[in-house]
Amino acid sequence: MTSVSNVRKKTEDPTYIRKRAEELEEETIILRRWLHQHAEVSWKEYECTEYIVRYLEELGLDVHRYEGHTGCWTMIHGGKAQENSKTILLRADFDALPIQEETELSFASVHPGVFHGCGHETHAAMLLAACKMLVEIQEELPGNVKILFQAGEETANGAEYYVEQGILDGVDAVYGCHTASWLEKPYIAVNPGPRCASTDEFSIQVQGEGCHGGMPHQGKDALVAACSIVMNLQTMVSRGTDPVDALVVTVGKLESGTNYNVVADTACMSGTVRTYSKEVRDAVEEKMCQIAENTAQALGCTASVNYIKKTGAVVHDDPDMCRIAHDAVVKLFGQEALMETRPMGGGDDFAYFSERVPGIYAFIGAAMPSLDGKVHAHHHPKVCFNEESLKRGVAMHVQMAIDFLNE
């Protein structure tokens, strides 16, 4: 007869975690499809917040809302937690994009012009299912698991609000994940180093003097000055930054002029800056102002820069968290599931958390061809994500929580 003391705890058995996540696969897919079908843009995720709250409350959890804001949080208190026990935060975003969906999926968005083209609904579904598993093994947990369903990630700084509201109070580490359209199943990437670039936004207003298009010498062409600024900004990358450091300066929008035969008196451009280096990022605004103002002045115009720092780079720089994440993947799916990936130019406001407490942001391989046979990138109106990857994301949430709390 086997004594109770010799029975292996569920929290000590990665095989149990993996199999339980597999058992919840159908439920996770149902959650994902409902969220996908009811996609809502940043800070307007009202219906989805209610859906998430109801699910959590049905698990018996005490759910906390944010007055005037979407999103919610809850705490799963470990049955073996002590006063000095650790707490890990599990975070999932769930906002969609202002894009018209073209996937032709049976569960396509019912809201015209709103689409989960970045896969955030998969993040929320995976974390909801993970909450169910964690509640099931709650009494075995030696610490606490804080849960955040975060709105507004696509604004590039939505996480800032939750940090200001104290979501990191008492938190010792943070874990999150992103489904990856560039990575096939069953691969998971948790390797050390930069993951996502910092994301800043800028706009430059150029003021000139309009005149007749046939007599341009009588005015000061703001459009020509703006075009020169666009080109000169690239010298920040090619001549103003160490080639070892990555820097992207993209002008994505330029507006100027009123008619074909009129010299433009104003021009306005806007764009984004991406890098993995805090030092490079901190130096960009001053350089941009110098280039814009001096270029405009040389052409008889003036320029003003509005630079908005949004979110820093996501970097895996905590050795313990890197080790825990690496071992969690191996425990659950074997060494062959690990995939080292290069840093990506996309940003994620997960940095607001991982800059303050040790963090890991895993990429869950979910590449899937759309009906046209092509594997599309995130934010494309036809991008699809492989639902077979969801169970792996669920298991990773749970295993990361268990392993961190058991350290």
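**Strand pairing, cores and salt bridges**

Me: How many bridges pair strand E8 and E13, and in which sense?
Reply: This is a predicted model, in which local features need pLDDT of at least 70, side-chain atom pairs count only at pLDDT 80 or more, and totals for chains, interfaces and linings use all residues. Residues are numbered from 1 along each chain as its sequence is written, and side-chain values use heavy atoms, with hydrogens and water left out. Strands (E, at least two residues) and helices (H or I, at least four) are DSSP runs numbered from the N terminus, and two strands pair if DSSP finds at least two bridges between them. Strand E8 covers residues 199-207, and its pairing with E13 is antiparallel, over nine bridges.

Me: Which residue stands opposite Thr 311?
Reply: Thr 311 belongs to strand E13, residues 302-311. The residue facing Thr 311 across the pairing is Thr 199.

Me: Is Thr 311 buried or exposed, and at what relative accessible area?
Reply: Buried means under 20% relative accessible area, exposed over 50%, and partly exposed in between (1.4 Å probe, protein chains only). Contact means heavy atoms within 4.5 Å; leaving aside neighbours within four places in sequence, Thr 311 has contacts including Ala 156, Arg 281, Asp 348 and Tyr 352. Thr 311 is buried, at 1%.

Me: Which strands are the edge strands of the open sheet?
Reply: The sheet has four strands in the order E10-E12-E8-E13, with antiparallel pairing. An edge strand here pairs on one side only, and the two are E10 (247-256) and E13.

Me: By what angle are neighbouring strands of this sheet turned against each other on average?
Reply: Axes are lines fitted to C-alpha atoms, for helices over the stretch in contact, and angles run from 0 to 180 degrees between N-to-C directions. For the neighbouring strands direction is ignored, and the average is 15°.

Me: At about what angle does helix H8 run to E13?
Reply: Helix H8 spans residues 278-298 and lies across E8, E10, strand E12 (266-275) and E13. Its angle to E13 is about 165°.

Me: How many residues are in the largest nonpolar core?
Reply: A nonpolar core is a set of buried Ala, Val, Leu, Ile, Met, Phe, Trp, Tyr and Cys residues joined through side-chain atoms within 4.5 Å. In the largest one, Leu 56, Val 145, Phe 149 and Phe 353 touch the most other members. Apart from it lies another core of 23 residues, among them Phe 202 and Ala 303. The count for the largest core is 87.

Me: How many residues apart in sequence are the parts tied together by Glu 136 and Arg 20?
Reply: A salt bridge is a side-chain nitrogen of Lys or Arg within 4 Å of a carboxyl oxygen of Asp or Glu, and the structure holds 23 of them. Glu 136 and Arg 20 form one, at 2.6 Å from N to O. Glu 136 lies in helix H4 (residues 120-136) and Arg 20 in helix H1 (residues 14-23), so the separation is 116 residues.

Me: Why does Lys 391 count as buried?
Reply: Lys 391 forms a salt bridge with Glu 25, the closest N and O atoms being 3.3 Å apart. Glu 25 counts as partly exposed because its relative accessibility is 21%. Lys 391 counts as buried because its relative accessibility is 16%.
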